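The following note sets out some comments on the model shown below.

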Amino acid sequence: MSPTIRSGRLLVSALAAAAVTGGVVASSTAGAAPVTPRAGAVTEIRAELRAGWVKTTDAPTGITVDLPGKATVEKHTDRVLGHDVTSRGYLVQTGEGFVVFAVTDVPDSYDIRLEAELQAFVEGMKQETGASLISTGAEMTTVEGRPALDARIATDEGERMTGSTLLVDGDRYLVQAVTVGPEANEKALDKTHREIVDSMRIP
């Protein structure tokens, strides 16, 4: 079985850090090293957009995305296939829930399989937190001409959470966006997710 980049660990770790009382899922891999905020080092916040939206750039890759607020930035490094692999996550808490945008550098020898990355994201949250997450309605699409997998996600027990995740094969990096919040906010979360996806630019 090939390894997975498991960007989910970074994503949900960031969600957990911002959701101490919110009941949102936590980190997806046991024993992960602490995540250290590195906002100044890894991101460039440009101009504010509509109603508080901020164009955010992942500086090492030049990937840009519009996020619904100024992001808290976290960085994590792992060993994958004998290489140090760095992920940068950008977290925004909104009135409807949470948004995480993450970019993970990928070794040349690593074969990105989007379905496997989605499964690792789902399974990792269960392994680390016991929270049961399911993905539904996953469909292949493209973002900026690159293969992408867009899926619905939800908890199926406890506090009802819902949202979406998009994974993009950027050749030299794996890009992921997650939007999640209480089930009652599903419509607003869907709108936020679509705006994030539509704004994504990958050089």
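1. A salt bridge is taken here as a side-chain nitrogen of Lys or Arg within 4 Å of a carboxyl oxygen of Asp or Glu. By this rule the count comes to 10 salt bridges. One of them joins the side chains of D66 and K55, with N to O at 3.0 Å. D66 lies in strand β4 (residues 63-67) and K55 in strand β3 (residues 54-58), so the pair ties together parts that are 11 residues apart in sequence. Helices (H or I, at least four residues) and strands (E, at least two) are DSSP runs, numbered from the N terminus.

2. The model is a predicted one: local features need pLDDT of at least 70, side-chain atom pairs count only at pLDDT 80 or more, and totals for chains, interfaces and linings use all residues. Residues are numbered from 1 along each chain as its sequence is written, and side-chain values use heavy atoms, with hydrogens and water left out.

3. Accessibility is classed as buried (under 20% relative accessible area), exposed (over 50%) or partly exposed (in between), with a 1.4 Å probe and protein chains only.

4. Since D105 belongs to strand β7 (residues 98-105) and R88 to strand β6 (residues 83-93), the pair ties together parts that are 17 residues apart in sequence. R88 is buried, with a relative accessible area of 3%, while D105 is partly exposed at 27%. Both residues also take part, with D58, in a network of salt bridges.

5. R152 and E186 meet through their side chains in a salt bridge of 2.7 Å, N to O. Here a strand is tied to a helix: R152 lies in strand β9 and E186 in helix α4 (residues 186-199), so the parts joined are 34 residues apart in sequence. R152 is partly exposed at 22%, and E186 is partly exposed at 34%.

6. Strand β9 (residues 146-155) also holds T155, which is buried with a relative accessible area of 8%. The T155 side chain reaches the backbone nitrogen of M161 at 2.8 Å. Contact means heavy atoms within 4.5 Å. Leaving aside neighbours within four places in sequence, T155 is in contact with S132, L133, R160 and M161.

Note on methods. A polar contact is a pair of N or O atoms within 3.5 Å; within protein, one must be able to donate a hydrogen and the other to accept it, and residues adjacent in sequence count only if both atoms are side-chain atoms.
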